[in-house]
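Here's a quick look at a ligand and its surroundings, plus a word on ring packing. Have the model open while you read.

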Amino acid sequence: MSEPRGTFSNRLGFIAAAAGSAIGLGNIWKFPYEVGENGGAAFLVIYLLFAFLICMPIMVGEISMGRNTRSNPYGAFKKLGNKNWAIVGFSGVLIGVFILSFYNVVAGWAFGYFLQISFGDLLQQSDYSAYFSNYVANVGDNLIFSLAFMILTALIVIAGVKKGIERWTKILMPLLIALIVGLIIYGITLPNASQGLEFYLVPDFSKVTANTYYMALSQAFFSLSLGMGAIITYGSYISKNDNIITSAALVTTADALIAFMAGLMIFPLVFFQGIEPAEGPGLVFVSLPAIFEAMGPTLGPVIGGSFFLLLCFAALTSTVSLLEVPTAFLTDETSWSRKKSVIGLAAVIFVLGLPSMLGQGAVSWLTEFVSYGGETHSFMGVVIDVFSDVGLPLGGFLISIFVAYKWKVQRAADEIEKGNQKFRGSLSEKFFNIVISYVSPVVVGLMVIVIFLNKFVGLDLLGGL
Ligand code: PHE
């Protein structure tokens with residue numbers, strides 16, 4: 001409690017930081033492979049509906065809780081609720097810790113790809129799928145690069161909310177977008193690109209299963225950084241004059257747009273190369289290099305290297321937000337300094353990530369860690385299933401219940417009204433109230449049950465819908 005809590009310098013500061021948290025590997029690595037595994041365009045449609053109709057109001061709830069309490073998720077639930085609800089906030093902190101543990105490993109892959117494309121011989125391979133499998137099984141590189149990534153994240157978080165988090169996002173995000181746009185234009189001129197566009201943009205609802213619905217929902221939570229309190233934490237640093245509604249709308253739109261563009265970039269390339277869209281977590285790493293190779297020995301490494309470097313920056317603004325959550329928890333709730341908290345947490349989370357890193361072929365029992373739902377899962381797969389796919393929607397469900405029935409929508413509205421005098425009686429108030437009180441508890445609650453049964457029991461309740 002000794003150090004003052006930081007604040008963002010202005011509204012753009014919060015939007016930049018929250019968009020930085022939202023936009024990351026979730027959009028460019030995870031979203032395309034989820035689309036590829038879950039039937040293409042139908043997934044995209046369901047994803048967008050969930051993002052705007054359910055997740056955006058939950059984001060408003062999270063920002064309001066944070067700003068009202070000026071606390072980390074644990075403190076926010078405790079102040080507005082009670083000790084029992086604080087357990088929900090604390091679980092959110094833990095979910096953040098586990099998500100960061102595997103996220104940092106994937107960020108390490110992106111970092112390694114940046115180096116190997118720019119300075120190594122990555123673009124001279126014949127089989128990029130085999131290259132990826134070998135690459136992720138290579139312990140040495142992965143240890144070094146994910147450690148480097150964690151150290152960089154820690155240094156930025158130590159520098160603090162304002163100095164460390166805002167600055168990067170504003171400069172590097174536009175560059176990443178420009179590069180993606182360039183690659184989209186390049187990709188759609190290639191042979192078979194139209195098949196990719198068809199897969200991505202023309203929905204075939206006969207392919208939809210329970211899986212499609214819940215993977216779209218959990219992906220929306222993951223991509224928007226919702227359900228575990230990252231946005232509560234960032235919300236705790238914003239000013240009372242900020243308009244929470246427009247901020248949430250802007251962040252959701254920016255995030256959805258980047259995910260959408262990532263799909264537009266990837267699928268023409270996937271069909272051009274004859275790669276299986278359901279390739280899985282390697283999709284981005286497998287489909288892009290051949291395109292960079294085709295750009296020639298000078299341009300290829302430059303464009304390819306820049307792409308993976310910018311992807312690393314996008315990932316970095318997300319890892320920073322993930323590490324900020326347990327850091328805010330420790331600095332708010334204990335006498336630990338920011339520096340001590342960050343160093344301790346970064347070390348523990350790095351170690352927690354080791355089994356995820358080693359379970360990519362290097363260590364066989366971690367690679368084939370457990371079987372459930374009719375499939376064998378790696379250690380990282382289990383962490384993603386439990387903490388991200390089930391944990392985040394469950395967290396979002398509890399946040400809705402909390403805001404609607406414990407804190408109460410009227411009090412949330414008092415908070416939202418600051419910085420948005422026209423909120424009361426507006427259409428956005430009605431929309432927020434209905435989603436938080438009814439739609440989200442029912443739909444997300446149901447989905448969590450479906451997700452759980454499907455993942456761990458192998459039961460497809462909504463199959464064929
Ligand atoms: N939203 C981030 C991404 O899309 C990941 C993330 C999840 C960050 C949860 C914070 C909290 O990459």
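What follows is a short tour of a predicted model, starting at the ligand and ending with the aromatic rings.

## Where the ligand sits

The ligand sits in the largest cavity. Around the ligand there are 14 residues, and the ones that come nearest are Ala 22, Gly 26, Tyr 103, Phe 222 and Ser 225.

As for the make-up of that shell, it splits into 6 nonpolar and 8 polar residues, with no charged ones.

Tyr 103 puts a polar side-chain atom 2.4 Å from an oxygen atom of the ligand, while Ala 22 uses a backbone N or O atom, 2.7 Å from an oxygen atom of the ligand.

How much of the ligand's accessible area does the protein cover? On its own the ligand has 330 Å² of accessible area, and the protein covers 100% of that.

## Aromatic rings

Rings pair up a lot here: the structure holds 39 aromatic pairs. One of them joins Tyr 113 and Tyr 131, whose ring centres are 6.0 Å apart; their planes meet at 75 degrees, so this pair counts as edge-to-face.

That pair also links distant parts of the chain, 18 residues apart. Tyr 113 belongs to helix 5 (residues 83-118), and Tyr 131 to helix 6 (residues 128-136).

Note on methods
Residues are numbered from 1 along each chain as its sequence is written. This is a predicted model: local features need pLDDT of at least 70, side-chain atom pairs count only at pLDDT 80 or more; totals for chains, interfaces and linings use all residues. Side-chain values use heavy atoms; hydrogens and water are left out. A residue is near a molecule or strand if one of its heavy atoms lies within 4 Å of it. A polar contact is a pair of N or O atoms within 3.5 Å; within protein, one must be able to donate a hydrogen and the other to accept it, and residues adjacent in sequence count only if both atoms are side-chain atoms. Accessible areas come from the Shrake-Rupley method with a 1.4 Å probe; for residues, only the protein chains shown count as cover. On a 1 Å grid over the protein atoms alone, a cavity is a set of points where a 1.4 Å probe fits but cannot get out, and a pocket is an open set with protein on both sides within 12 Å along at least five of seven lines; lining residues have an atom within 4 Å of a point. A molecule sits in a cavity or pocket if more than half of its atoms lie within 2 Å of its grid points. Ala, Val, Leu, Ile, Met, Phe, Trp, Tyr, Cys and Pro count as nonpolar, Asp, Glu, Lys and Arg as charged, and the others, Gly among them, as polar. Rings of Phe, Tyr and Trp (its six-membered ring) pair if their centres lie within 6.5 Å; planes under 30 degrees apart count as stacked, over 60 as edge-to-face and the rest as tilted. Helices (H or I, at least four residues) and strands (E, at least two) are DSSP runs, numbered from the N terminus.
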